[in-house]
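Here is a short briefing on ring contacts and nonpolar packing. The structure comes next.

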Amino acid sequence: MPICIECRYPVSRLYHVLHSGNTGSRKPPPINRSTKPTPPNTAKKGELPARSKPKSAAAVSGGEVRLTQCPRCKRFADKYVEHDYIVLFIDLVLVKPQVYRHLLFNRLGRDDDELDPSITRLGTLLLLFDVYLTWSRIETQLPHMITSSPIPQLPILLQYAFYLLLCATMTIAQHLTVRWLARVAGLGARGQVEGDDSRQEDGGDDGPVRSTPNGISTALFVGSCMKLFPILMVVWRYDDVGGSVGRGVEWAVGLQNVEALRILLECGYLGAASVVGAGWMARWAVGRLTLGFVGLGECL
């Protein structure tokens with residue numbers, strides 16, 4: 001069930017389509033921010049006045065769209081349903097809790113514990129950027145640190161396959177560790193959303209709010225969007241990509257992971273940071289062992 005991104009109160013839907021048989025609670029059509037005067041207020045209780053007609057009227061059969069008002073805080077339940085991906089990415093970089101709630105609960109969250117197709121694509125893209133950062137960091141090390149390894153002498157395709165397998169193994173180790181610790185510590189199973197004593201008034205159920213294993217992986221992928229930062233190197237060239245730039249990206253990703261897991265698991269910063277730290281330790285240990293086996297252990 002979707003929630004209000006401001007106060008986490010459950011709502012039956014995020015928007016309502018007027019004069020149309022199509023309604024939804026996950027992915028609404030784009031809304032035109034018209035400057036025309038707002039029509040008279042005919043909204044029902046719990047809703048705000050109607051907005052202008054969507055850009056693609058065919059998408060909602062010519063209906064008007066209303067964003068749902070949260071019964072508790074009286075603000076829009078989810079303002080991000082009408083924002084494009086650029087705004088979402090900027091707010092992710094700024095680590096705004098509201099955008100994490102929008103993505104993890106209202107857009108990408110699934111009850112069947114399956115990864116959303118967009119998360120699968122994002123995970124693949126993050127893996128490829130991780131390969132680039134790891135490969136660049138190792139190649140920029142001092143010559144005496146890599147001359148004893150056979151990896152730099154391999155053909156380019158074999159080198160790429162090695163680093164791809166390395167990064168995939170490190171990512172799997174990180175996700176499995178975080179999943180296991182969250183389950184052992186009982187994080188993400190808090191019975192009800194805070195202050196949700198009157199949940200049934202909005203048509204919701206009283207079932208527990210649980211985080212699924214794939215939901216945790218979704219949070220880690222969403223909280224790793226800063227790994228896409230090297231795409232700027234298409235425009236600007238950084239000679240220190242393997243040094244301070246790469247380390248800065250890693251710290252930013254760590255902070256985003258803490259915020260994403262804190263929101264998903266509904267725990268404090270200390271608990272989320274502990275789980276994230278354990279996951280990164282597992283990731284580092286797997287990488288160090290693998291690189292040490294091929295003579296590159298000092299490069300990680």
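W135, Y160, F162 and Y163 form one aromatic cluster. The model is predicted: local features need pLDDT of at least 70, side-chain atom pairs count only at pLDDT 80 or more, and totals for chains, interfaces and linings use all residues. Side-chain values use heavy atoms, without hydrogens and water, and residues are numbered from 1 along each chain as its sequence is written.

**Aromatic pairs**
- Rings of Phe, Tyr and Trp (its six-membered ring) pair if their centres lie within 6.5 Å; planes under 30 degrees apart are stacked, over 60 edge-to-face, the rest tilted.
- The count by this rule is three aromatic pairs.
- W135 and Y160 make a tilted pair, 6.1 Å centre to centre with 50° between the planes.
- That pair links distant parts of the chain, 25 residues apart: W135 in helix α3 (residues 117-139) and Y160 in helix α5 (residues 156-184). Helices are DSSP runs (H or I, at least four residues), numbered from the N terminus.
- F162 and Y163 pair edge-to-face, at 5.2 Å and 70°.

**Burial**
- Buried means under 20% relative accessible area, exposed over 50%, partly exposed in between (1.4 Å probe, protein chains only).
- W135 is buried at 13%; Y160 is partly exposed at 32%.
- F162 and Y163 are both buried.

**Nonpolar cores**
- A core is a set of buried Ala, Val, Leu, Ile, Met, Phe, Trp, Tyr and Cys residues joined through side-chain atoms within 4.5 Å.
- The largest has 33 residues, and V222 and L261 have the most contacts inside it.
- Helix α7 gives this core its largest share, six residues.
- A second, separate core of 14 residues includes Y163 and L291.

Note on methods:
Helices (H or I, at least four residues) and strands (E, at least two) are DSSP runs, numbered from the N terminus.
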